[in-house]
Structures are given as C-alpha cells and as structure tokens.
Amino acid sequence: MNILYLYKEEWEKEYVKEKLGDLSLEFRDSIENTENEILQKSEVLSVFVSHPVSRETIEKMPNLKLIAARSTGFDHIDVSAAKERNIAVVYVPSYGENTVAEFAFALLLAISRKIPEAHEQVTESGSFDQSNLNGFDLKDKTIGIIGTGRIGAHAIKMAKGFGMEVVAYDPFPKQNLDQELGFRYVGFEELLSLSDIISLHASLSDSTRHMINEESIRHIKKGVVLINTARGGLVQTTALVKALKEGIISAAGLDVLEEEGDMGDEENLLFSPHPKLEELKNVLANNYLINHPRVIVTPHIAFNTKEAVKRILDTTIENIQSFTGGEIKNKIPN
Ligand code: NAI
C-alpha cells in the first residue's frame, strides 16, 4: 500500500516509520511539494488541518482510496469530491477533549486576569504597578457553551469547577447531559442574550458557518467575551471587528481564524491568479484582530500538547493499519 504522509514536524516521520515501516511511505510537507509520480501512485493520503485536500488534489490522485485526517475537524477536506470517487475519509474523533477545553480556559483566564498585559508590562518596563491590571472573576458569571459534543461537555465541567452558571446550545442536545453536569440547554438567541462569556465548540458545516454574524450579534449581551477554539468559519470576521469596535464584544480569545491558512503568506494570496475579495477582506480583518489590544490570537494550538499529539498519531496509525487490513475505522460522520 502506497502512503503519502504530509507531515508537520520532522520527529513525526520517525514515529510513523517505526509503526508503519512495513508499508511504502512517502513523507512530504505539502501537496504542492509532492512530485506528480507520488501523487499518481498513492493510495492513502494522511493530512493535518493545515493541509487542505481540495477537489483538484483528489483529481490528481487517481489511485487514492483513503484520506486519513490527523484531526477532529475535517472541514479542510472536500468530502463530497472524495465521496464521488468512493474514497473513504477517516479522522481522529477524540484524542483528549480536555486538551482543547483547557486551552479555551487558558484564553479566557488570560483575558479575565490580563495576563499578557501584565507580563508585557513587567518585561517591557519593569513596572510592578497594578493599577491597569484589574481583571474579573469567573465565579458567578454565565458562560454560554455553543456545541455540547466531546469538547463542549468538557468545557462545561471545567466551568462548573470555576463556579460559573452554564447555559448551552446544541441543535442535537445530549440526553441527560444537562442533569449530569448541572447546566441548562437554551435556544441560540437566548444563550447570546444571557452569556457574559461565549465559548464556541460546534463543528464547522454549512449550517454553522458564520453563526456569529451581524444579525446574531444583535442578540449578544453588551460586553461579552468571545472564545473560539473550534473553527474560524463559525464567526463572520468582519462582524466580529465591528462588534469589538462597538464594545458589544469586549474581548476575544481566538485560536482559530477564517483564512488562517493565508496568514503569514499574504504575498502568495495577493499574487494568486484570482484572490477572492472576501478572503482579502478577512486577511485584513485578521490583522486588525491580531493587533487589537483586547484580542488574543493564537496559531491554532488548542490541540497541541505532547499527550494529545501522540494520541492523534496513534489513532491515525491504527486507522491506516485497519484500512490496510480491510476494515474502515473512524469514518467521518455523514
Ligand atoms: P463533536 O462532534 O463531539 O461536537 C460538536 C457538537 O457541535 C455536536 O454536539 C453537534 O451536535 C454540535 N453542533 C452541530 N451543529 C451545531 C449548531 N448549529 N450549533 C451548536 N452546536 C452544533 O466535536 P468535538 O470533538 O467536541 O470538537 C468540536 C470542534 O472543535 C471540532 O469540530 C473542531 O473543529 C474543533 N477542534 C479544534 C481544535 C483546535 O486545535 N483548535 C482541536 C480539536 C477540535
């Protein structure tokens, strides 16, 4: 079985080679840097979220039978193009919901206790002045959790540990979860109007894209803190910029951004043959967010702990081994 493994970190190669050494493995850092001959013969493609798998890529791979995503989200893969060719898409459904939920709280605590500002003040000026570093308690605040899947449910448990009131919205509420964890399911607009903090944990799909938009922001309680560790596309970036300017959203912690793949590569986007106006606008808006004093942007690292990365690799290796043994394990949900 010929496997094309698009890697992120050098050390991954050794780890994967050790476990899948009996298969024919090719390691490249991107589709663009993969020779046509390798694309032609590969039957398995393993990718991370920073490796989009477009229809064009799938068309370049006539022997492709399996796409093994090393992630929980799979919105970077053209699933319908894969389906048309009967290519199975497998993923890592769970590798530690605590990992991402912990990061959501890292962002929230950084905002609520002004940790980046405090650190910068001490390192930049040596000042131990406390006057501009007055934060707020999480206890007794209402947090609205959007999406009560694996990560959202874990975030709820953590919020309860902080003594917060929890409301949640999910169009597919989990039976008994509210009683088990002690929170209340409410409608989407009600959540927006009740929450002091909103944390996004829904997957990205056509129905969730831009769920935080100019219209829905009208229901938000003024001064809310928005945390997004799910996907940038859940939030309409220009609407977020506007809400920050108007003080409707007082601060934001964003591990994910729309068009995050283009960040740091603006030159490429500018000179690409047909850059879309929307993409260019989002990249501009992202730069506004990055430089905003009340916004913390991190480069999609909520998953990135030693423990979680190892679990991601182990599940992917198992997924590939199962496939070569004739069984499809961890197929993405329809
Ligand atoms: P999950 O599939 O267990 O949960 C997703 C939940 O969203 C489900 O309960 C679903 O019913 C709900 N949902 C669907 N439509 C919704 C809507 N319109 N409004 C509210 N909720 C809706 O997924 P899990 O494991 O909890 O992960 C959530 C997302 O977190 C992933 O899809 C992924 O995009 C993101 N993620 C981000 C990482 C990072 O490093 N920043 C790492 C891992 C996941």
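The stops below cover salt bridges and then a pair of helices.

A quick word before you click: this is a predicted model, where local features need pLDDT of at least 70 and side-chain atom pairs count only at pLDDT 80 or more, while totals for chains, interfaces and linings use all residues. Residues are numbered from 1 along each chain as its sequence is written, and side-chain values use heavy atoms, with hydrogens and water left out.

**Stop one: the salt bridges.** Count a salt bridge when a side-chain nitrogen of Lys or Arg sits within 4 Å of a carboxyl oxygen of Asp or Glu. By that rule there are 16 salt bridges.

Select Glu 84 and Arg 55: their side chains form a salt bridge, 3.0 Å from N to O. Glu 84 belongs to helix H4 (residues 79-84) and Arg 55 to helix H3 (residues 55-59), so this pair ties together parts that are 29 residues apart in sequence. Helices here are DSSP runs (H or I, at least four residues; strands are E, at least two), numbered from the N terminus. Now colour by accessibility, with buried meaning under 20% relative accessible area, exposed over 50%, and partly exposed in between (1.4 Å probe, protein chains only). Glu 84 is exposed at 59%, and Arg 55 is partly exposed at 28%.

Next, pick Arg 218 and Glu 215, whose side chains meet in a salt bridge at 3.9 Å, N to O. Arg 218 is exposed, at 65%, whereas Glu 215 is partly exposed at 42%.

Then go to Glu 318 and Lys 329, another salt bridge, with N to O at 3.0 Å. Glu 318 is in helix H14 (residues 306-324) and Lys 329 in the segment after H14, so the pair links parts 11 residues apart in sequence. Both count as partly exposed: Glu 318 at 37% and Lys 329 at 31%.

While you're at it, select Glu 26, Arg 28 and Glu 35, which salt bridges with shared partners join into one network.

**Stop two: H11 and H13.** Show helix H11 (residues 237-245) with helix H13 (residues 277-290). Their axes come within 9 Å and cross at roughly 35 degrees; axes are lines fitted to C-alpha atoms, for helices over the stretch in contact, with angles from 0 to 180 degrees between N-to-C directions.

Which residues in H11 meet H13? Thr 237, Leu 240, Val 241, Leu 244 and Lys 245 do, against Asn 282, Ala 285, Asn 286, Tyr 288 and Leu 289 in H13, with contact meaning heavy atoms within 4.5 Å.
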